[in-house]
Amino acid sequence: MSNIVETYFVVALTMALLSLWKTYSGPAIAGVMSYSYPEMLMFNMLPALLAGYAGWSLGPMTSSLFNRNRRVVFRPKLKRFMIRWNRYGQISMAILAPVLVGIPSYTFVSKRLNQRGIKTFGLLSVSILFWSGSAYFCFLLLDVGQYIPVDSVIPQNILNRME
């Protein structure tokens, strides 16, 4: 495999791994590295939705394994999230999930609250698309990358290979 292809896949893997939890760091790298918008969506939206699906399907199973002897419904760490959920509702929390609490946490809580999967993932897709697009265009068009060192996430020898 050539160096350019290897470098491309390393950067894409870095974006995908960063987008598993929060969706603004991967698009920022895509904007700084001048990736196209479809590439950014492929390497950021798909991993984010996969992380959401993991939280949706695996979260209740792991929760039941750890809570066999206790009857606690929610952990204390999720208390703040639940207060916001009760105050603002599912739509607001879906919009804020990729930035504040993380995608797997949102889908885990949504599943525990017996929300519908279609509504949960529909709202999550719109939210991921909004936050990814805004981070991408902010770093691409406004050249915010000169003030925030996003390229420090990627090793220097990989950046040198791309030039």
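What percentage of the 163 residues in the protein chain do buried residues make up? In this predicted model, where local features need pLDDT of at least 70 and side-chain atom pairs count only at pLDDT 80 or more, totals for chains, interfaces and linings use all residues. Residues are numbered from 1 along each chain as its sequence is written, and side-chain values use heavy atoms, with hydrogens and water left out. Buried residues account for 40% of the 163 residues, where buried stands for under 20% relative accessible area, exposed for over 50%, and partly exposed for values in between (1.4 Å probe, protein chains only).

The protein chain contains seven helices and zero strands, so that its elements, read from the N terminus, follow the order α-α-α-α-α-α-α; helices (H or I, at least four residues) and strands (E, at least two) are DSSP runs, numbered from the N terminus. Of the contacts (heavy atoms within 4.5 Å) between residues at least 6 apart in sequence, 74% join residues at least 24 apart.

Helix 2 (residues 25-32) is largely enclosed by the rest of the structure, because six of its eight residues are buried. These buried residues are Gly26, Pro27, Ala28, Ile29, Ala30 and Gly31. After helix 2 comes Ser34, whose phi is positive, near 60°.

The largest nonpolar core has 28 residues, of which Tyr35, Phe81 and Tyr106 touch the most other members; a nonpolar core is a set of buried Ala, Val, Leu, Ile, Met, Phe, Trp, Tyr and Cys residues joined through side-chain atoms within 4.5 Å. Two or more residues are given to this core by each of helix 1 (3-18), helix 2, helix 3 (37-66), helix 4 (79-96), helix 5 (103-112) and helix 6 (117-141), and helix 3 gives the most, with six residues. When residues up to four places away in sequence are not counted, Phe81 touches Met93, Val101, Tyr106 and Val109. Ser110, which is placed in helix 5, counts as buried at 0% relative accessibility, and its contacts, again not counting residues up to four places away in sequence, are with Trp56, Trp85, Gln90, Gln115 and Thr120.

On the surface, Ile91, Ile95, Leu96 and Leu100 form a nonpolar patch with about 320 Å² of accessible area together. Patches are made of residues with over 30% relative accessible area and no salt bridge, like charges being joined within 9 Å and nonpolar side chains (Val, Leu, Ile, Met, Phe, Trp, Tyr) within 5 Å; a salt bridge is a side-chain nitrogen of Lys or Arg within 4 Å of a carboxyl oxygen of Asp or Glu. Ile91 lies in helix 4 and is partly exposed, with a relative accessible area of 47%, while Leu96, also placed in helix 4, is partly exposed at 31%. The C-alpha atoms of Ile91 and Leu124, which are 33 residues apart along the chain, are separated by 9.0 Å.

An unreviewed UniProt entry places the feature "transmembrane region" at residues 41-67, 88-109 and 121-142, with positions given in the numbering used here, feature names shortened, and annotations that may be inferred rather than shown by experiment. Residues 88-109 are 73% helix and 0% strand, with end C-alpha atoms 14 Å apart, whereas residues 121-142 are 95% helix and 0% strand, with end C-alpha atoms 30 Å apart.

Terms used: Accessible areas come from the Shrake-Rupley method with a 1.4 Å probe; for residues, only the protein chains shown count as cover.
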